[in-house]
Amino acid sequence: MEEIRKIGVLTSGGDAPGMNAAIRAVVRTGIYHGLEVFGIKRGYQGMIEGDIIPLATQDVSGIIQRGGTIIQTARCKEFHQYEGRKKAYDQLMKFDIDAVIVIGGDGSFTGASIMSKEFDIPFIGIPGTIDNDLYGTDYTIGYDTATNTVVEAVDKIRDTASSHGRIFFVEVMGREAGFLALRSGIACGAEGILVPEEKKQLDKLRKYMAERAAKKKSSIIIVAEGDEEGGAIGIAKRIKEEFPELSIRTTILGHIQRGGSPSALDRINASRMGSAAVEALLDDQKSIMIGLVNNEIVHVPLNKTVKMDKDVDRNLLRLAEVLI
Ligand code: F6P
């Protein structure tokens, strides 16, 4: 394999708190090892357009605590086509970039895996998404901060819910996965948690409403946006029709979950993974994702992270049922 001297780093897909900490770690580890590091702006869109800037140590000063991504992100349709990827490759060659580190989710890794094969250029993935839905890693960057954001918001909702004796349906993000809903639901003592990985939860919810909801001061039901029964608004409407005596309200937390200063855990995980990504490149690795399993850095083939599904922690699901 050719010697790596110049590397690019990009963030792609939905932003996640902690991405800046990962960028900082990539830049500083790269420079530590004598590499030149470039920021590819707006994900694959910027790669296609050649929106590429050099990043020095001081360019990543004071960003570890900032949410979002200083090099911005995008979802790029053009990159799905060979012609788009060819344009992107030509730009990389123009800047003499030998390898790319992609911080993002499974859509971003699909593109990375294809381009890496087509043009024989090393790509290393760093998992960054609040959804935590990537196979091969226990944590993705942003998941912990988003969990804390949900908990903080729901604690506030709990105050008004208990004052009025109401039932609140709170919808949280997660795309097709229930990791964020389950973890935050346990942390805020939710009376119900609906996730796509577990079926027949609506029946349990009906039973809860019939037997216990009226006796409690208030209830919080967390609904993952990808639940097969639909979003919080639809589910709340159905429950209200069946139990008209209950006072029900709905909150959709939305993009608030993607913002904010990253938690210490996200900063540390992002720093470890960013640094490990550069070291993997120097170790002649290509087409892998850096993951964290049992708090240890692991290397997972990129195509495996895309093809395989990750299940939610079944012990947490059971715990949620016991504690309700
Ligand atoms: O993947 C992160 C995520 O925030 C999902 O939880 C959500 O479904 C989606 O992105 C929203 O995407 P957008 O910001 O493009 O509306």
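**Figure 1. Helices H3 and H4 are roughly perpendicular to each other.** Welcome to this predicted model; we start with a pair of helices. H3 covers residues 82-94 and H4 covers residues 106-119. Their axes come within 11 Å and cross at roughly 70°, an angle that falls in the 65 to 115 degree range, so the pair counts as roughly perpendicular. The crossing of H3 past H4 is right-handed.

**Figure 2. A closer look at the side of H3 that meets H4.** From H3, the residues taking part are Tyr82, Arg85, Lys86, Ala88, Tyr89 and Leu92. On the H4 side you will find Ile114, Met115, Glu118 and Phe119. Sorted by class, this contact of H3 with H4 holds seven nonpolar residues and three charged ones, with no polar residues.

Figure 3. H5 passes H6 in a right-handed crossing. H5 contributes Tyr143, Asp144, Ala146, Thr147, Val150 and Val151 to the contact, while H6 brings Phe179, Leu180, Arg183, Ser184 and Ala187. By class, seven of the residues in this contact are nonpolar, two are polar and two are charged.

Figure 4. Just after H6, look for Gly189, which takes a positive phi of about 65°.

**Figure 5. The whole protein chain, with its 11 helices and 11 strands.** Stepping back puts the close-ups in context. The radius of gyration is 21 Å, close to the 20 Å that the globule rule gives for 324 residues, so the chain is as compact as a globular protein of that length. Along its principal axes, the C-alpha trace spans about 70 × 35 × 35 Å. Buried residues make up 53% of the 324 residues. Of the contacts with a separation of 6 or more, 75% are between residues 24 or more positions apart.

How values were computed:
Residues are numbered from 1 along each chain as its sequence is written. This is a predicted model: local features need pLDDT of at least 70, side-chain atom pairs count only at pLDDT 80 or more; totals for chains, interfaces and linings use all residues. Side-chain values use heavy atoms; hydrogens and water are left out. Helices (H or I, at least four residues) and strands (E, at least two) are DSSP runs, numbered from the N terminus. Axes are lines fitted to C-alpha atoms, for helices over the stretch in contact, and angles run from 0 to 180 degrees between N-to-C directions. Angles under 35 degrees count as roughly parallel, over 145 as roughly antiparallel, 65 to 115 as roughly perpendicular and the rest as oblique. A crossing is left-handed if the near helix is turned anticlockwise from the far one by less than a right angle, and right-handed if clockwise. Contact means heavy atoms within 4.5 Å. Ala, Val, Leu, Ile, Met, Phe, Trp, Tyr, Cys and Pro count as nonpolar, Asp, Glu, Lys and Arg as charged, and the others, Gly among them, as polar. The radius of gyration is taken over C-alpha atoms; the globule rule is 2.2 Å times the number of residues to the power 0.38. Buried means under 20% relative accessible area, exposed over 50%, partly exposed in between (1.4 Å probe, protein chains only).
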